[in-house]
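I opened this model to follow one stretch of chain and the packing around it. My notes are below the structure.

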Amino acid sequence: MFKKPKSKLTPRGREKSPEDTSQTTSGNGETVEESPIALASRLKNKAKRTKPKSTLSFGGDEEAGDGEVFQLKKSSLSQKLSLNAHPANVLPVSLDQATITPHSNGAPVYDQAYLSQLKASTPSSRRVTVAGGYDADVSMDPGETSIEVTEIADDVDSVIPSESSILSAKQRRERMRTHGTEDDFISLSVTKRDTVPQGPHPESRLMREEDELGEGDDEYAEYTSAQERIALGKKSKKLEASKRKDAMQEMIADADEEDEETMEWEKEQLRRGGPFQTPHKVSPAKQVYKPAAIPTSTTIPSLGPAMDRLSQSLTAMTMSHTTNVKAAASFVDEREQLDVRESELREMIAKAEAKRSWFAAFKEWVENVATFLDEKFPKLEKLEDEFVSILKERSAMIAQRRQADNQDDLSLIFGSPPVATDQSEEVDDLGRVLPRANPVTVRRERQAARIARRLHRERGRATRAIMTQLDREEGYSTDSSLPPSDAIDYQSAMERIANDGHGLLSDVHAAEFRDPSLGLAKWFGGWRRRFSDSYTGAWGGLGLVGAWEFWVRLELLGWNPFENSHTLDEFSWCASLHEYCGDNDDPESDTGPNDDLVSAMISTAVVPLICKVVEAGALDSYSALDTRNMINLAEQVEASIGHDNPKFQMILKSVFSVFERSVSASESLIAPFVALNCPVFDPDAIAARRRLLCHASKFLDTLIQWRKYSDEKLGIDDLCIRHMNNVVLPIAESGWEVGGEEITREMIAIMPYEVIRALKAPLNSLAS
């Protein structure tokens, strides 16, 4: 690597150019030019031999003929201070030396001139160093090795360049920017660029390590292996080994030799480092012979004390032996207890491992059941919703037909109400306006259809030989049958729902998923038998009910308790749950808080389904048969879950809502006719009044029948009073002498006494 030479401020004479020194004269008188490597080595050796001169001159170290003497330039302020260097004007160095110099008359001087001079001579702030006062032109050309140094001016005024120098600098900068320069850098090489091989990349200014002149390790060759040679011959190897041995011996001798100066230096460093005690050599003490001490004389022991000591030792050993025997016995007992405890722990571990493995398999099976139910339950709920919607549609059709028939009979009794003119016109699918039918014609058509249905029912009863006197009376019939086309559609819809329910498990081939008694009963029964405590604490019975609910609801899909006579005990799920509850090895053991799983299943799955079916219109409030079936079903549920169970109260509320809805519909139907009350003579009015009263009487029969079962709950008596005061009384008063009083008296006869007292005057008077 190149070493940057240090700039010297002292100007020196121009030395001989390397171009002059690089040429030597050969033996025959011809001039021979030296190589660049030799020239570089000569310059390096010359720089080593030359003693560096100090940049500052103090007048005693420089020789007389060594060029110009360095002249120190002083600033203007320094010159002013030197001018005032009179002994009288010199300021003291410190306050200790300061004195009040008296004047010629002996008094101190404090005039304005003296104070101004003192203020002017005192510097107010530190002088600012002016940068940029150094200008050096360095040339590393072999033919020009001198360094030109521009003098450094300490004066601040000499730093400001003149206008001509500024202009020349601008012109030179512009010329360099436009035309460029050959050497726009300071060369660090001692040779010219043209004389050195350029290498593979002549345009690059970077120098490779192998292109450097000379060897960089020449100065440190003796400390490195640069001068070592590898011994190849036998003599060379022997000579190398002897040299190495001599060097080792010399190093050992140097290590053994103690240098006084080095030792003194080390001691001085130790003394400076801290207070250390200097080890003093302790001379060994002189050994003096000391004779052994003569023991004192003792008496010979007698036999008695020795026997006492032996007996005491024997007693202590006997007691110790006894203690050790007892300890050994206790250790044996403790070991036996530990063995028993170990066997118990092993049994507990085996049971815990068996329990863990069984519950792991049970968990896996439960997860499979959950996946199965997640897939099948939505489909089942969809079929249930479809079944309920069909029941609602059928109930709406029957209620609409009854309302139309009752409206025709009321028109014959009270007169026809005016038809509203602002009704919107009816249009067909093609947008054509349909003509409005004549009310009289429509009434006659409905009457003919009602007669046809009545004759059809009479023929059916005649074939079954169950015709009674009440059935012959027109108006006592429930008239809940659908037209033939609608009945066929209703039957086909029910069959389709049943087929879809059966096909819900068509893709299931595992028997334990098709029959819960093979899957759920097996796993939950094993849980109850093997781990009864866990089964009871985890409410395993309720878990079984929740998992079995899907198969129960699937079996009850399409079940209408008012159309078929199936009871709850006849279903297979009820028998399977009874079998599961009875399959217990220990009859006295409690299987959980809900050991009666049948009642739990009825309250969980069956009761909500019954409420949906009843509220959808499957229960006909005018049908005595439906009322009897409802009472039988309620008795089964009550026997299973109890009368005070909230689930049973839900059934009572659902039935009450059906009767309340019928009473409200009758009140809203008869109210406009009673308000009109414009009867006209019509021979059919008497028959119409009788039909309406018989129809109301049958409704009252079913209502009283349900009241006998449910007692006076949920306001059933209020429904009876509303039906008699708002429905029966207006119709009976319109023809009191022509059958109204007779039928009304029969209705009051079946009513309870506490209800009769709340009736209106014309009605409660008939009870006496």
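Predicted model: local features only at pLDDT ≥ 70, side-chain atom pairs only at ≥ 80, totals over all residues.

Residues are numbered from 1 along each chain as its sequence is written, and side-chain values use heavy atoms, with hydrogens and water left out.

Entry 1. I looked up Arg 707 and found it in helix 20 (residues 685-710), helices being DSSP runs of H or I, at least four residues, numbered from the N terminus. Arg 707 is buried, at a relative accessible area of 10% (buried is under 20%, with a 1.4 Å probe and protein chains only). Its side chain makes a polar contact of 3.1 Å with that of Glu 754 (a pair of N or O atoms within 3.5 Å, one able to donate a hydrogen and the other to accept it; residues adjacent in sequence count only if both atoms are side-chain atoms).

Entry 2. I then checked Trp 706, whose contacts (heavy atoms within 4.5 Å) beyond four places in sequence include Met 630, Phe 659 and Ile 716. Trp 706 is also among the four residues that touch the most other members of the 116-residue largest nonpolar core, a set of buried Ala, Val, Leu, Ile, Met, Phe, Trp, Tyr and Cys residues joined through side-chain atoms within 4.5 Å.

Entry 3. For helix 21 (residues 716-733), I noted that 14 of its 18 residues are buried, so the helix is largely enclosed by the rest of the structure.

Terms used: Helix = DSSP H or I, 4+ residues; strand = E, 2+ residues; numbered from the N terminus. Buried < 20%, exposed > 50% of the residue type's maximum accessible area, 1.4 Å probe, protein only.
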